[in-house]
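Colleague: I have not looked at this one before. Can you take me through it?
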Amino acid sequence: MNSIKPYIIGIDIGGTKLATVVADTEGTILRKLRWPTDSQRGPDAIVDSLIEMAHLTLSEVGVNMADVAGVGVSCGGPLDTETGVVYSPPNLPGWDAYPLKDKLGSALEIPVIIENDANAGGLAEWMFGAGQRCRYMLYMTMGTGIGGGIVIDGQIYHGANDSAGEVGHQILIPEGPLCGCGQRGCLEALCSGPSIARRARELIAHDPDTLILELAGGRLESVRTEFVVQAAHEGDALALKLLDQTAYYMGWGIANLVNILNVEVIVLGTVAVAAGSLLLEPMNRYMRRFAMSRPAEVAQIVPAQLGELVGDLAAVALVIADQIERTRSGTNSTLSQ
Ligand SMILES: [Zn+2]
C-alpha cells in the first residue's frame, strides 16, 4: 500500500531495562538504544524516558517521525491491547491501570500498538525465528516465569479479554509448590528458572555430591538454574536427573496444550535454549507419551532462535503484523485510525 511509511519504532519495557529500536518494515534493526528502567520511579517518569529515547534513536539514524508507520510496544502484562491500559505487571511497580498507549500516542503523535511480551515474542519467533512458515504455533518462555503466546496464521490469539496463552498456570500438581499466581503446582512453579533452582536445592540438601554445588561455590543458597544446565552439559548425574524431571513436567504440560491447540511447532526460549537437546529430546519424548497420538504426530518442540534479539524484534513485529493484516483485509486496523 502506498500509504505505508518505511520505518518502525520498537519499544521493549522490561523490569530492569528499557530499549528503543528503529527498524525498517522488513524488520532490520537500524539502531538500538538501551537505558536502565529504574522501575521504582513509576510509569510517568519511565514513559518520559521512552519518549526521549524514541526521539534520540530516530535522530541517530536521521529519520523523521513523519516517516514512521507506528510504534510497537512489548511490555509485561496483564494489559488490554484495545484500550492500551497496563494492569500492574509484577516487574513494574506502580503501573496500576496505566494508560500506556494514550500517553505514548499523544506524545509521539503516531499510532501505538501495545502487547504483552510473551505474545509479542511469539509473534517475533513466528516472523523471524523458529516458527517461520508455520500456521499453528505456540511460543513458551522458560525464564523467571513461564509465559506463552499462541500465534495462528501470523496473528496473536488474544482470547476474550487478552488473557489467552497463560500456559505456565496450568495446574499439574494441586498440592504442589506455591506459584506466584496464588495457586499450587502450576507448571511455572515447577519449571521456571527459579523453580528449577528450588528443586535443585531440595535435591542437593539430601545429595550434596554434585558439580552443581561446586559451581555455586559450595553454597546451597547460591544454586541457580544456569549451574544445573552447565553441570548437565558436563554429565553430572544429579543435574541430568533435574533436567529429566523438568522435561517430564514440561512434556506433560505441552501435551495438554497440544491436545487442545493442535499446534505444529512449540517454540521454547531461555532455559530450553541453554540446555539444548539435553532438555528438548526428553521433553519431546514425554510430550509424545502424554499427548493423543494424532495431534502429537504433527507437533515438534524446538528451541527459540532469536535469543537476545527477541525483545527488539517483538515490538517491531507487532507493527509489521498489523501492516500485513491491513493489506490482507483491506480494512481499517490499529495503525490506520
Ligand atoms: Zn500459577
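Colleague: What kind of model is it, and how are residues numbered?
Modeller: It is a predicted model, in which local features need pLDDT of at least 70 and side-chain atom pairs count only at pLDDT 80 or more, while totals for chains, interfaces and linings use all residues. Residues are numbered from 1 along each chain as its sequence is written.

Colleague: Which domains does the assignment give?
Modeller: The protein chain is assigned domain 1 (7-123 + 308-336) and domain 2 (132-305). Such bounds come from an automatic or database domain assignment. The C-alpha centres of the two domains lie 28 Å apart. Their contact takes 14 residues from domain 1 and 14 residues from domain 2; two residues are in contact if their C-beta atoms, placed from the backbone, lie within 7 Å.

Colleague: Which elements are on the domain 1 side?
Modeller: β5 (79-80), α3 (117-128) and α12 each give two or more residues to the side that touches domain 2. α3 gives the most, with five residues. Helices (H or I, at least four residues) and strands (E, at least two) are DSSP runs, numbered from the N terminus.

Colleague: Where does the largest nonpolar core lie?
Modeller: That core has 109 residues, and Val73, Leu123, Ala124, Ile212, Val228, Ile266 and Ala317 touch the most other members. Helix α8 (residues 237-261) gives the most to this core, with 13 residues. Domain 1 and domain 2 both give residues to the core, so it lies between them. A nonpolar core here is a set of buried Ala, Val, Leu, Ile, Met, Phe, Trp, Tyr and Cys residues joined through C-beta atoms within 7 Å. Buried means that 20 or more other C-beta atoms lie within 10 Å of a residue's own, exposed means 12 or fewer, and partly exposed is in between, with C-beta atoms placed from the backbone.

Colleague: Changing topic, how many residues of α12 are buried?
Modeller: In α12, 14 of the 20 residues are buried, so the helix is largely enclosed by the rest of the structure. α12 covers residues 310-329 and reaches 27 Å from its first C-alpha to its last, close to the 28 Å expected at 1.5 Å a residue. That expected span is 1.5 Å times one less than the number of residues.

Colleague: Where is the kink in α12 centred?
Modeller: The kink is about 25 degrees and is centred on valine 316. The bend at a residue is the angle between axes fitted to the seven residues ending there and the seven starting there. Just after α12, glycine 330 has a positive phi of about 65 degrees.

Colleague: Which strands does β8 join?
Modeller: β8 (residues 136-140) runs antiparallel to β9 (residues 148-152), with five bridges, and parallel to β11 (residues 265-268), with four bridges. Strands pair if DSSP finds at least two bridges between them. Tyrosine 139 stands opposite glycine 149 in β9, and leucine 138 has isoleucine 266 in β11 as its bridge partner.

Colleague: Is methionine 142 buried or exposed?
Modeller: Methionine 142 is buried, with 28 other C-beta atoms within 10 Å. Methionine 142 lies in the loop between β8 and β9. Its C-alpha is separated by 9.8 Å from that of proline 194, 52 residues apart along the chain.
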